[in-house]
Amino acid sequence: DGCGHTVLGPESGTLASINYPRTSPNSTVCEWEIRVKPGQRVQLKFGDFDIDDSDSCHSSYLRVHNGIGPNRTEIGKFCGFGFQMDGLITSKSNEVTVQFMSGIHISGRGFLAAYSTTDKSDLITCLDNASHFSEPEFNKYCPAGCVIPFADISGTIPHGYRDSSSLCMAGVHAGVVSNTLGGQINVVISKGIPYYEGSLANNVTSKVGPLSTSLFTFKTSGCYGTLGMESGVIPDSQITSSSILEWPNQTGEVNIWKPENARLKRVGPPWAALISDEHQWLQIDLNKEKKITGIITTGSTLAEYYYYVSAYRILYSDDAQKWTVYREPGMDKDKIFQGNTELYQEVRNNFIPPIIARFFRINPLKWHQKIAMKVELLGCQFSIGRAPKITLPPPPLPPQNKNDEKNADFIDDFINSVKTSLQTDKTTFTPEIKNTTVTPSVTKDVALAAVLVPVLVMVFTTLILILVCAWHWRNRKKKSEGTYDLPYWDRAGWWKGMKQFLPTKSAEHEETPVRYSSSEISHLRPREVPTMLQSESAEYAQPLVGGIVGTLHQRSTFKPEEGKEASYADLDPYNSPIQEVYHAYAEPLPITGPEYATPIIMDMSSHPSTPLGVPSISTFKAAGNQAPPLVGTCSKLLSRTDSASSAQALYDIPKGQLGPGSADELVYQVPQSLALSTGSKDE
């Protein structure tokens, strides 16, 4: 009467004293006999140990023996409050006896222990959680029986589990290990999240959890994608049932809850059976053999119809004629899966090992009010090859007694065990599923991909190199032919840079630049002079004239003419007394000299939009005491020649400074405003 939680699996298990983790009752005893396969040994690990040692292990203790029966030998006798047992207790054979004795005591939780075969060197207990390990990723072996009522987990897949959750219990909830078999888990630690969802899966309820510093998830084979119920990949014609519920509503319209309505998350009514008994079923044809790793179910999802299935069996077949009921390995009973506890919540159950079949059937065993459900299957493609046909004697007649019934069950178990032993976790190609959540690993056409991928990479790399080389060659060719480069204006050879900057023109224009003489312009009216200057092409850029332009604060960019030949006569159409001839282009200023404004010729008479009385100031200096004239409507621009023989070449200097000429040279600020009345009279 001293046995508590106990699961004894073929390779691992869990055992605890009665009432653990509360104080065990007085005067109780329990004895566990553990057997594994011959040739293997047993190792025992304690997760918690708290037994009263007030009488020096005389009446309350835990004793471990090698072997079973009267010939067993003692390995050790243990007691103590909060006793820390480092390492493992290892047997010398494949059989171990564990004996717990509880005498008269006041306190003491008892113990919880796990066992496995000695080849599982990384064994942990059901009480271990992620915070006990510092590695960011690690592998551990979980024993069978870790779904315990006194452990909690928070979270779900794929988001992860709170770090305070039991590793092995979370592994059962996630579907990576079986509670009846145990198994290996691959744990990955990552940063925590603010909120952990709760869910029901594999008979384990995960609770809602608050923020934590870290969480953990599990690495899996990846065969957990949806197989097409929700997405519609499985057509309606491949979903059938034993019966269909039909009934008229208050308006007289007939409601038909057909089997194709049994699609998870599909809006509307579910599938419902006409008769609610244990002989009803919902069948799904997957069109070919697939690897089925789990199922998700809900109730009716309609608040006015509180229907759901709370327990069911799973059957599978290759031809829809001979059906096999799903059982866990080593078990002689059909597995009963926990269904829904209400009509909305999604409940997941996983198949370990997975089912390999084409036809899948759900057989409800318990329900609330009526049999009604929506489902989705989880899994991936399976095309490694069909299991070899097993040649057996003709099927026996229906069992007439208990012995015959046992033989029939044995044959069914044998066929099922052979088929599951031939299953594999690998797939050969990506499943033909539109909404598969996790892509399975691929093994087919690996050789072809290994050849094609490097070839394609080399081809694309060669094309890119060719394009880059062609681009560089084209740029070099342009540079050799004289590409344009912006000159530095402060260099002495600024004009050479200017010639490179200007676009290439014909040899004819280069040899005979366009000039304007007095005879060509004298017959033009004032309004036509700017038009002629702009209409003819010239070798050098013309100054931009528009509006009322003030002083330009940059050096001239116009080349002076070679020699003394006059190229442009600034003629005054109104008999200006000064008829001097000046160059058509402004000469450059010295490199070290100051920058001055360059006046610009404006024909104010040809600008009809110019407002009256708008002043235009031109600042320059004149030689000697001669004031620059103002005649008619045009402001007179005095420019100088750059001839080397001319001693009268003058350059603009700022107002108030002495120039290179006579000390008596004056600087004038000549207004360039026009009087409308003067222009009118002259015309």
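**Salt bridges, rings, cores and strands**

Analyst: In this predicted model, Lys-219 and Glu-137 are joined by a salt bridge between their side chains, at 2.8 Å from N to O.

User: How many residues apart in sequence are the parts that Lys-219 and Glu-137 tie together?

Analyst: Glu-137 belongs to strand β10 (residues 137–142), while Lys-219 sits in the loop between β16 and β17. Lys-219 is partly exposed at 47% relative accessible area, and Glu-137 is partly exposed at 38%.

User: Over the face of which ring does Lys-120 lie?

Analyst: Lys-120 is 5.2 Å from the centre of a tyrosine ring. A charge counts as sitting over a ring within 6 Å of the ring centre and within 35 degrees of the ring normal. The ring in question is that of Tyr-141.

User: Is the aromatic pair of Tyr-161 and Phe-216 stacked or edge-to-face?

Analyst: The two ring centres are 5.8 Å apart, and the planes make an angle of 25°. Planes under 30 degrees apart count as stacked. Tyr-161 lies in strand β12 and Phe-216 in strand β16, so the pair ties together parts 55 residues apart in sequence. Both residues are buried, and their pair is stacked.

User: What is the angle between the planes of Trp-257 and Tyr-307?

Analyst: Trp-257 is in strand β20 and Tyr-307 in the loop between β22 and β23, so this pair links parts 50 residues apart in sequence. Trp-257 is buried at 2% relative accessible area, and Tyr-307 is buried at 12%. The centres are 6.0 Å apart and the pair is tilted, with an angle between the planes of 55°.

User: Which elements give two or more residues to the largest nonpolar core?

Analyst: This core has 27 residues, and Phe-351 is among those that touch the most other members. Beyond its neighbours within four places in sequence, Phe-351 is in contact with residues including Ile-295, Ile-314 and Phe-360. The elements giving two or more residues to the core are β22, β23, β26 and β27.

User: Are the residues of strand β2 buried or exposed, and which residue of β9 is the bridge partner of Gly-13?

Analyst: Six of the six residues in β2 are buried, with Ser-12, Thr-14 and Ala-16 on one side and Gly-13, Leu-15 and Ser-17 on the other. β2 pairs with β1 in the antiparallel sense over four bridges, and these two strands form a hairpin with three residues between them. β2 also pairs with β9 in the antiparallel sense, over five bridges. In β9, the bridge partner of Gly-13 is Tyr-115.

How values were computed: Residues are numbered from 1 along each chain as its sequence is written. This is a predicted model: local features need pLDDT of at least 70, side-chain atom pairs count only at pLDDT 80 or more; totals for chains, interfaces and linings use all residues. Side-chain values use heavy atoms; hydrogens and water are left out. A nonpolar core is a set of buried Ala, Val, Leu, Ile, Met, Phe, Trp, Tyr and Cys residues joined through side-chain atoms within 4.5 Å. Buried means under 20% relative accessible area, exposed over 50%, partly exposed in between (1.4 Å probe, protein chains only). Contact means heavy atoms within 4.5 Å. Rings of Phe, Tyr and Trp (its six-membered ring) pair if their centres lie within 6.5 Å; planes under 30 degrees apart count as stacked, over 60 as edge-to-face and the rest as tilted. Two strands pair if DSSP finds at least two bridges between them. A salt bridge is a side-chain nitrogen of Lys or Arg within 4 Å of a carboxyl oxygen of Asp or Glu.
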